[in-house]
Amino acid sequence: MDKPMSLKPLHVNLFEMNCVSHITHGLWTHPDNNRHRFNDLDYWIELAQLLERGGFDAVFLADVIGTYDAFRSGPETALREGMQIPSNDPLMVVSAMAAVTRNLGFGVTFSTTYEPPFAFARRMSTLDHLTKGRMGWNIVTSYLPNAARNFGHDGEVVHDRRYEIADEYLDVLYKLWEGSWDDDAVIQDREQRVYTDPSKVRYINHEGEHFKVAGPHLCQPSRQRTPVLFQATGSPAGIEFAGRHAEVVFTGGRTHDTVRRNIATMRAKALEHGRAANSIKFLVMASVIVAETEEEVARKVESYRELLSVEGSMTHFQLPIDLLAYPRDELIEQVFQREQLPSLSRDYFPPGETVGQALDRIGSLDQDFFFVAGTPAVVCDEIEKWLDEDGIDGINLRQFLSFETARDFIDLVIPELRRRGRFRQAYDPGETLRERLFGSGDARLPDEHFASRYRDAEALKRPAVPLRFK
């Protein structure tokens, strides 16, 4: 018997990046993988059409603006492995994907640390117009030392300082997106030869510690005005930032309790900032390997495992040492102490772990907490636990093969989720990405969100209210 639709439904994005090797390093060499086609526009068109057929919420495009060059003190391993280099701009492929779809959403990553906000505001408004309100923005502050050097810095901007910059960056964007144009500014009066009523468009005249922006915004209001605001975080400063700004947070943890605690902490922060506890959706990166039989699942798992690159993963982790150069039975702590390296990250290396254990884990398929391999029934049982016991709202589906991972999920998992009442039967025609995620029927940010203050033109004249990081 089908389960009632009152059950929490699953939101699904495909986790992508405009590069060869995103997060499953080494698998670009698989004969059935299409990763080498990332420079080809047809790749993105085929992908968009596939995801739309499957009813995905969005394709989520990650990005970095530097290369991973800490491992072995240079970029050589990253280059050899295709590990997020070469990589292209994620925003540039959205228009092509939007042109061949009507419903698929788009989440794009862009950093607030190194490029000014005015031009970015224009690019996002343009895409929100062209997609008819299907845009989301993954707010990042950039963490690679090479990224800092690419934009004229000697080293990384200090972590919490990056969030202070990001907070003002968002303030500028809200003024442009929400406050610079009235809803009825565009009148398109052919008889009077007036396209826009000048009295309903204004400068923002922002002057802050980091930015000075006059305005007005160059784009008329798009359907969402402000794109859906995504953020990945776990640090105290990031959680404070999410409480004010984020609508969708990518979170995680190594235990069920950790995941639930992270969600509860961010909901509490939202309340502190005058928002509803349910104003934030929570997504996790999930790895799903599915086939019709257990034998086929095992075959896929083995074919992926054989090609996984430990060197690619160590490069991605920015490890300061090459673990392959040490005895497998030596403790990681001893290696770090002998090499006089900074204290270990407990997120990467649990206490008492040996070099061999670390290498086996780094090179495993199931290193993610949210991992399942099995038949459709097994996979959906696990997904239901993620929804009900861990309290998540959806997943960013990690790809092993393009397009096999997405196609398997669409053909095998989604029909079973629909039967169980865990996935929409169809898109609502014409809905924006925000309406799909929150079901409010309103394409705009809710009135309780910090950005809404700038819908009052007088608020543009008042000093900014910077976020205080505790």
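Contact here means heavy atoms within 4.5 Å of each other. The model is a predicted one, in which local features need pLDDT of at least 70 and side-chain atom pairs count only at pLDDT 80 or more, whereas totals for chains, interfaces and linings use all residues. Residues are numbered from 1 along each chain as its sequence is written, and side-chain values use heavy atoms, with hydrogens and water left out.

Ser21 lies in the loop between β1 (11-17) and α1 (41-54), where helices (H or I, at least four residues) and strands (E, at least two) are DSSP runs numbered from the N terminus. Leaving aside residues up to four places away in sequence, Ser21 touches Gly26, Glu81, Gly82, Met83 and Gln84. Ser21 has a relative accessible area of 2% and is therefore buried (under 20%, with exposed over 50% and partly exposed in between; 1.4 Å probe, protein chains only).

The domain assignment, whose bounds come from an automatic or database source, divides the protein chain into domain 1 (11-297 + 369-461) and domain 2 (309-363). The values for this pair are as follows.

| Domain 1 and domain 2 | Value |
|---|---|
| Separation of centres over C-alpha atoms | 31 Å |
| Buried area | about 1,300 Å² |
| Salt bridges | three salt bridges |

Buried area is the accessible area (1.4 Å probe) lost by two parts on being put together, summed over both; carbon and sulfur atoms give 52% of it here. In contact are 18 residues of domain 1 and 14 residues of domain 2. Glu311 forms a salt bridge with Arg80, with the closest N and O atoms 4.0 Å apart (a side-chain nitrogen of Lys or Arg within 4 Å of a carboxyl oxygen of Asp or Glu). On the side of domain 1 that touches domain 2, helix α2 (residues 76-81) gives the most, with four residues.
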